[in-house]
Amino acid sequence: MKQLIITVALMVFFAGCNNGQTNKNQEKKMKKLNSLEWAEAVYAIYNDCITELDGLVGEKPEPDAALKEKVETLKASVISRLLPLGAMRAEMPESDQKSASAQLGSKMIGISKNPGWGRTQNDARIHYAKSDPGLAALIASFNIITQYAQYELLKKQEPAEAERLGLN
């Protein structure tokens with residue numbers, strides 16, 4: 001388990017350092033993840049991003065350009081960490097892809113244990129819907145951000161975004 005945590009931490013670090021671009025050594029390390037490890041890695045990124053998002057909007061500060069920029073920057077950072085995991089999943093056999101997604105789905109049930117999830121996806125999102133619908137929509141987009149690690153979902157749910165990323 002300790003080795004898995006170290007592996008995931010290194011993947012997140014390296015993916016964050018190079019904006020989602022992987023080199024051949026990183027790809028080789030990432031391919032060693034099985035479907036459960038993949039699901040754990042994606043969930044860890046998601047759980048962490050919800051905590052970070054909560055730090056930005058959980059107390060419902062005044063909506064301004066600086067706050068929106070911070071949330072956009074966080075989203076871009078999370079996407080850059082999920083895309084390499086999506087590439088790795090896309091290389092898995094179809095049965096492993098399905099298993100990975102099912103395992104991620106099972107883990108996602110646990111996100112409600114993160115108090116930041118309720119504060120961001122329920123409280124802050126609803127709060128900002130009145131004063132800044134764009135910020136509210138940006139906050140809401142974190143609810144399904146794991147689609148960046150499941151390319152077929154991204155292609156289906158946000159085809160223009162998948163095209164922008166060259167995933168078509």
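These are my notebook entries on one protein chain, looked up piece by piece.

**Entry 1: the model and its overall build**

I began by reminding myself that this is a predicted model. I then went through the secondary structure and found nine helices and zero strands in the protein chain. Written out along the sequence, the pattern reads α-α-α-α-α-α-α-α-α.

**Entry 2: surface and contacts**

I looked up how much of the chain is tucked away: of its 168 residues, 40% are buried. The accessible surface is about 9,300 Å², and carbon and sulfur atoms account for 55% of that. Next I turned to contacts between residues at least 6 apart in sequence, and 73% of these join residues at least 24 apart.

**Entry 3: the nonpolar core**

Which residues have the most contacts inside the largest nonpolar core? I found Trp 38, Leu 85 and Ile 145, in a core of 40 residues. The elements giving two or more residues to this core are helix 3 (35–57), helix 4 (65–90), helix 5 (94–108), helix 6 (115–131), helix 7 (133–141) and helix 8 (151–157). Helix 3 gives the most, with eleven residues. I also noted a general point for myself: in soluble globular proteins, nonpolar side chains tend to be buried together.

**Entry 4: around Trp 38**

I stayed with Trp 38 and listed its contacts, leaving aside neighbours within four places in sequence. Among them are Leu 33, Leu 85, Gly 86, Met 88, Met 92, Ala 100 and Ala 149. What lies over the face of Trp 38? I found Arg 89 there, at 5.8 Å from the ring centre. I looked for aromatic pairs as well, and the structure holds zero of them.

**Entry 5: Gln 150**

Gln 150 sits in the loop between helix 7 and helix 8. Not counting residues up to four places away in sequence, Gln 150 touches Trp 38, Arg 89, Ser 101 and Leu 104.

**Entry 6: Gln 121**

Is Gln 121 buried or exposed? With a relative accessible area of 4%, Gln 121 counts as buried, because the cut-off for buried is under 20%. Gln 121 belongs to helix 6. Its side chain reaches the backbone oxygen of Ile 139 at 3.0 Å. Not counting residues up to four places away in sequence, Gln 121 touches Ile 50, Leu 53, Ile 139, Ala 140, Phe 142 and Asn 143.

Methods
Residues numbered from 1 in each chain as written. Predicted model: local features only at pLDDT ≥ 70, side-chain atom pairs only at ≥ 80, totals over all residues. Heavy atoms only, no water. Phe/Tyr/Trp six-rings, centres within 6.5 Å; stacked < 30°, edge-to-face > 60°. Lys NZ or Arg CZ within 6 Å of the ring centre and 35° of its normal. Helix = DSSP H or I, 4+ residues; strand = E, 2+ residues; numbered from the N terminus. Buried < 20%, exposed > 50% of the residue type's maximum accessible area, 1.4 Å probe, protein only. Contact = heavy atoms within 4.5 Å. Areas by Shrake-Rupley, 256 points an atom, 1.4 Å probe, with all protein chains shown as cover. Core = buried A, V, L, I, M, F, W, Y, C linked by side-chain atoms within 4.5 Å. Polar contact = N/O pair within 3.5 Å; in protein donor to acceptor, adjacent residues only side chain to side chain.
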